[in-house]
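Hi,

Here is the structure I promised to hand over. Have a look first, and my notes follow below.

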Amino acid sequence: MINTRVQVRRLLLLSCLALFLAAPSHLTFFTWDGQALTKAPALPVGSIIPTVLSADLDRNGQPEIVATKEGKAEIISAGSSLWSSPTDWEVVQAEITDLNHDGSPEVTLLVWRAFKPWPIDNYIPHPGRIQDFHDREYRSCHLILIGWSRGAYRELWAGSALADPLSAFTPIDIDQDGQQELAALEGHYNASFIVTRSVTLWEWNGFGFTLLARSPKGYFHSPARIKTSSGQEVLLAQGILRR
């Protein structure tokens, strides 16, 4: 039998989830078995890890905050804007992470912007490998890392147009190796992004992100991460797997 303390902690977690979620829905919890995302057999005992929006990005001893409003992202310190996203970007999510494993925090942005083919397409014999990676309005989805480098805030890394767009992401150490992986909800262009079709897991390879796993098809939104009582991080997605 589950002891009373565990029951209480599970009830507290459910109460927190009820406040966290915008509307009642199924909850799916994923763990990592070394090869695939696996649906957790039971509700884990633990607490939600909050989104990180403040850190000392430029290492001057003062915290900076990342804020988003109406599709624009800003890095702010002491009320002053230190960096803002270009006007032609639509930023749909921003969070402070260390997804590139350099030991320093950076801002990860999920961005929509006008589609651009690879510049090398002007020179290679068979161009156009990413020509379909956009919606009907010729906008494409990108993941971009912004951080402090050489005395200024810069793009540390900017991915090409994604083959399938992401609707949301969360950093998570799902394999318990002390480094963050990228968990993201993946949809497809020209579709509703309120609910997306797969949960994906990516890891930094030194130059970009490599796909580790893609869940079976489902309907998902609002990803989050849970820290269990044993210290393990578990991925939560609001929604259900298809049967």
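This is a predicted model: local features need pLDDT of at least 70, side-chain atom pairs count only at pLDDT 80 or more; totals for chains, interfaces and linings use all residues.

A quick word on naming before the details: helices (H or I, at least four residues) and strands (E, at least two) are DSSP runs, numbered from the N terminus. With that, E181 sits in strand β13.

Residues are numbered from 1 along each chain as its sequence is written, and side-chain values use heavy atoms, with hydrogens and water left out.

**E181**

E181 is buried (under 20% relative accessible area, with exposed over 50% and partly exposed in between; 1.4 Å probe, protein chains only). What the side chain of E181 does reach is the backbone nitrogen of I174, at 3.0 Å.

**Pockets**

A pocket here is an open set of points on a 1 Å grid over the protein atoms alone, where a 1.4 Å probe fits, with protein on both sides within 12 Å along at least five of seven lines; lining residues have an atom within 4 Å of a point. Grid points are joined across faces, edges and corners, and a volume is the space filled by probe spheres set on the points.

The largest pocket comes out at about 350 Å³. It has 18 lining residues, with S160, A161, L162, A163 and W202 closest to its centre. β13 (181-186) and β15 (209-214) each give at least two residues to that lining. By class it has twelve nonpolar (Ala, Val, Leu, Ile, Met, Phe, Trp, Tyr, Cys and Pro), four charged (Asp, Glu, Lys and Arg) and two polar residues (the others, Gly among them).

The second largest pocket has a volume of about 220 Å³. Of its 15 lining residues, T51, Q93, E95, F169 and P223 lie nearest the centre. β16 provides the largest share of this lining, four residues.

**Backbone**

Most residues other than glycine have a negative phi. R59, in the loop between β4 (54-55) and β5 (64-69), has a positive phi near 60°. H101 also has a positive phi, about 60°, and lies in the loop between β8 and β9 (106-114).

Cheers

Terms used
Lys and Arg count as positive and Asp and Glu as negative; His and the chain ends are not counted. A salt bridge is a side-chain nitrogen of Lys or Arg within 4 Å of a carboxyl oxygen of Asp or Glu. A polar contact is a pair of N or O atoms within 3.5 Å; within protein, one must be able to donate a hydrogen and the other to accept it, and residues adjacent in sequence count only if both atoms are side-chain atoms.
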